[in-house]
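Welcome to this short tour. Have a look at the model below, and then read on for a guided walk through some of its parts.

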Amino acid sequence: MKISKRLMLGAMVCTVLASNVPAKPYPPGTQLAPKQEITLNNGAEVTSIDPAKQAAEPAFNLGRDLFEGLAVQDKEGKTLPGIAKSWSANDDNTVYTFKLRRSKWSNGDPLTAHDFVYSWRRLLNPETASPYAWFAAIPRIKNSAKIMKGEAGPETLGVRAVDDVTFEVTLEQPVPFFLKLITHPVLVPVHQETIEKYGNAWTQPENIVTNGAFTVSEWKVNEKMVLKRNPYYWDKNNVVLERITWLPIGDANVALNRYLAGEIDQALSIPSAQKKSLLKKYPDEVADASASLGSIFYYMNTQQGPTKDVRVRKALSYAINRDIMTKAILQNGGIPMYTLVPPQTDGFKPFTPEYATWSQKQRNEEARKLLAEAGYNQSNPLKLTFTVPTFSVDVKMATAMVGMWKSVLGARVEIKQLEPKVFYALKEPGDIHRGGWTADYNEASTWLDIFVTDGEYNDSKYRNPDYDQLMTSSKTMNDPAEAYRQAETLLIEDMAIIPVYRRGNDQYLIKPYIGGYERTNPEAAYYRKNVYVKAR
Amino acid sequence: MLLYVLRRLLIAVPTLLFIALVSFWLMHIAPGGPFDMERPMPEVVKANIEAKYHLNEPFLTQFFIYVRDFLQGDLGPSFVYQDFTVTQLVAQSWPVSATLGVLSFCISVPLGMLLGTVAALNRNSRLDYFLMSLSMTGVVIPAFVLAPVLVTIFSIQLGWLPAGGWEGGKPIFLILPVLSLAIGSIASIARVMRGAMIETLNQPYIRTARAKGLSTSYLLFHHALRPSLIPVVAMLGPAFVAVVTGSVIIDIFFGTGGMGQHFVSGALNRDYGLVMGITLIVASLTIFFNLVVDLLYTIIDPRIRI
């Protein structure tokens, strides 16, 4: 999105007008079912539905229906006005002013700019202990980093209620992608009175107050959570569903059984063994999900061990046959990756490294050559350790990769499988270990910031002053696309990671009477206010 | 007798404390903590969270805080289901597991004993072989194989029964999980019962009774049944505790929301509070039912004194 650029060019306060006029989510003439109820699987039980305690997608997914922030996303991922009707920025893009619509909480209380002030301060307050507090620190909201560390009080945060319907945010420096962040489910308002009255128990169905299209009516951990329509939601006339039952089923086979028995209306991940035959058996239930911004890559230790040598890193990366990985092993629509940032990322100009254009045979030859140059041969084979969590897909992939390294390079790579919690806590994970990333916002810096020197998630321990310089200067550029492209070029020329695949278009099953659930959003951000049940 | 019960209950207190200490220690020495995640949190955020849950305190201080809260009836917070306390989670999930467990027990005990007795009375006949092969099949087919088979037949193919869910324990939702739980235990109870019954039937006093011309049914109910019960009762005590505290396979497969799933996912997620809470419940029940079994012995066989 180029909003910030235009704002700079205009060098004056301008207003982004509401581009969407609230409308019914179904096409005219659609016959609706009398009973607007659906059952969906959320893939796991959530840690919390308190926006300040969420840290992962199953919770965010519910959050989008329960709470509405300043802005939301449309089906293609564009930012749409939410509780804010419109917004504007000052000359140097450091102060953003949001005009809020008059809306209400699910208990009928009016929602004001003060609610946003309270909620954003609460998110950063160390006493809240939010696992996603850092998200408000990414756009450098004034004092956010200091508050998180306990060096400043939450009341010093750069947010202000100018009046009941005007919310102002001050940033420490212009951040070109700030407006992309405000749709995130942790930056929503929460109801102060309820939280102060009930403490930790404020999210229980009998206590909770929400401001989104739905609110909670029932929650039994590991069985189900039932949401019902929020009668006070500002756009309630355009919400069709009356009731959503969310199941927390983690096992794809169990979820599939429930779908086949007619108890769930959507089966998102279908076990690969049964996928082909099922998609063929139920052609009118097959739907497409477009690629979301997520990818799997592998970290290599760039500071120690054999992988310190860039020739070894390149050889390891070249020797992976990504077509076999995606088509034969994963069968989930994944697309081979030779770089870090998914090319469909908004405003990103992807770079194609040379090795991506070679045939696998060429890559294998080059890999063998590089490894020989690095001094490894039959009498002195390359020996490495490769750490992965015990998830079956990770073990499957690692086994295939080790096989490729053995047959192409004669390398002896030992797989160390660790229970997930042990894997996550590992401080020294060996030569190679499984990595991966899901975009926090649709912009390349969410990917490239990982690999700055001493970055929190820079598990390759990659250090390159030029890279750091590019990423630092990109922060204040109007159009950082070129800086991003150069940074990614450095990263891949140094082969700090082994890119393997990114999520691609996939197919899944959905009952044909469910409408409005097109899975096209690049961040997989879905809102059930768009969903309806057609008459059968 | 009363003194004996009191003494056993008193010993239970240090036993439980010891179990608590050991499991607390085991949880803490396992590498990886509740807040180590796929995407690690910034150190400062992690420190804030650990401070909130006292995880930054020394081990013994943490244990002391746990015991103090426990004595006040507070099982502490869940680290993974942060909107709930462990007490709430147990209150939600235990009735589910207990219902399933008691129902399956009510089916498997009488049925298992009946089959075992029938097989023993017809020892080495075709009926015996048939029943015992059937029971062997029941023993070797685990619930995680049986449950999907039942679901495929009754839910997907025939559409008679729901494939999962609890819905407050409506009977139709109970049938498949109870069956999956019961079939295995019917089989093992039948095997134990058959063995015990055969042994009793070989006793000299049974031969004497037979020689007196007593009918088989009289013989069975007045002479053979009680002594055969001892091994079965010995087995049923721990089996009952296991079955009423939930089965992770049933919970995951049928999405019932029972306690078995909490126990396993709690351990995998390092949800210390949840695991401790359930461990202490299981331990207390085990101690209690072992006592009940011991008392039952004296009723079944008056020669046993306590």
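## Before we start

A residue is called buried if 20 or more other C-beta atoms lie within 10 Å of its own, exposed if 12 or fewer do, and partly exposed in between, with C-beta atoms placed from the backbone. This is a predicted model, in which local features need pLDDT of at least 70 and side-chain atom pairs count only at pLDDT 80 or more, while totals for chains, interfaces and linings use all residues. Residues are numbered from 1 along each chain as its sequence is written, and chains are lettered from A and ligands numbered from 1 in the order in which they are written.

## Chain A as a whole

Chain A holds 18 helices and 25 strands. Both are DSSP runs numbered from the N terminus: helices are H or I with at least four residues, and strands are E with at least two. The C-alpha trace of chain A spans about 75 × 55 × 40 Å along its principal axes. Its radius of gyration is 24 Å, which agrees with the value near 24 Å for a compact globule of 536 residues. That radius is taken over C-alpha atoms, and the globule rule is 2.2 Å times the number of residues to the power 0.38.

Of the 536 residues of chain A, 49% count as buried. Two residues are in contact if their C-beta atoms, placed from the backbone, lie within 7 Å. Among the contacts in chain A between residues at least 6 apart in sequence, 69% join residues at least 24 apart.

## Some residues in the loops of chain A

A:Ala129 sits in the loop between helix H3 (113-124) and helix H4 (134-137) of chain A. A:Ala129 is not a glycine, although its phi is positive, at about 55°. Is A:Ala129 buried or exposed? A:Ala129 has 21 other C-beta atoms within 10 Å, so it is buried. A:Asn143 belongs to the loop between H4 and H5 of chain A, and its phi, near 70°, is again a positive value in a residue other than glycine. A:Asn143 counts as buried because it has 21 C-beta neighbours inside 10 Å.

Elsewhere, A:Ala23 is found in the loop between strand E1 (15-16) and strand E2 (37-41) of chain A. With 8 other C-beta atoms within 10 Å, A:Ala23 is exposed. A:Gly347 lies in the loop between strand E17 (335-336) and helix H12 (354-357) of chain A, and it is partly exposed, with 17 other C-beta atoms within 10 Å. Leaving out residues up to four places away in sequence, A:Gly347 touches A:Glu443 and A:Ala481.

## A helix pair in chain A

Helix H17 (residues 465-474) of chain A packs with helix H18 (residues 481-493) of chain A at an angle of about 160°, and their axes are 9 Å apart. This makes H17(A) roughly antiparallel to H18(A). Axes here are lines fitted to C-alpha atoms, for helices over the stretch in contact, and angles run from 0 to 180 degrees between N-to-C directions. Angles under 35 degrees count as roughly parallel, over 145 as roughly antiparallel, 65 to 115 as roughly perpendicular and the rest as oblique.

Which residues meet in this pair? Among them are A:Tyr467 and A:Leu470 in H17(A), and A:Ala487 and A:Leu490 in H18(A). By class, the contact of H17(A) with H18(A) has eight nonpolar, three polar and one charged residues. Here Ala, Val, Leu, Ile, Met, Phe, Trp, Tyr, Cys and Pro count as nonpolar, Asp, Glu, Lys and Arg as charged, and the others, Gly among them, as polar.

## Helix pairs in chain B

In chain B, the axes of helix H9 (residues 216-244) and helix H12 (residues 272-300) come within 8 Å and cross at roughly 170°. H9(B) is therefore roughly antiparallel to H12(B). The contact of H9(B) with H12(B) divides into 15 nonpolar, three polar and one charged residues.

Helix H4 (residues 86-121) of chain B also pairs with H9(B): their axes come within 8 Å and cross at roughly 155°. That makes H4(B) roughly antiparallel to H9(B). The contact of H4(B) with H9(B) has 10 nonpolar, three polar and no charged residues.

## Where the chains meet

Finally, 35 residues of chain A are in contact with 38 residues of chain B. Helix H5 (144-149), helix H8 (252-260) and helix H15 (420-425) of chain A each supply at least two residues of the side that touches chain B. That side of chain A has 18 nonpolar, six polar and 11 charged residues.
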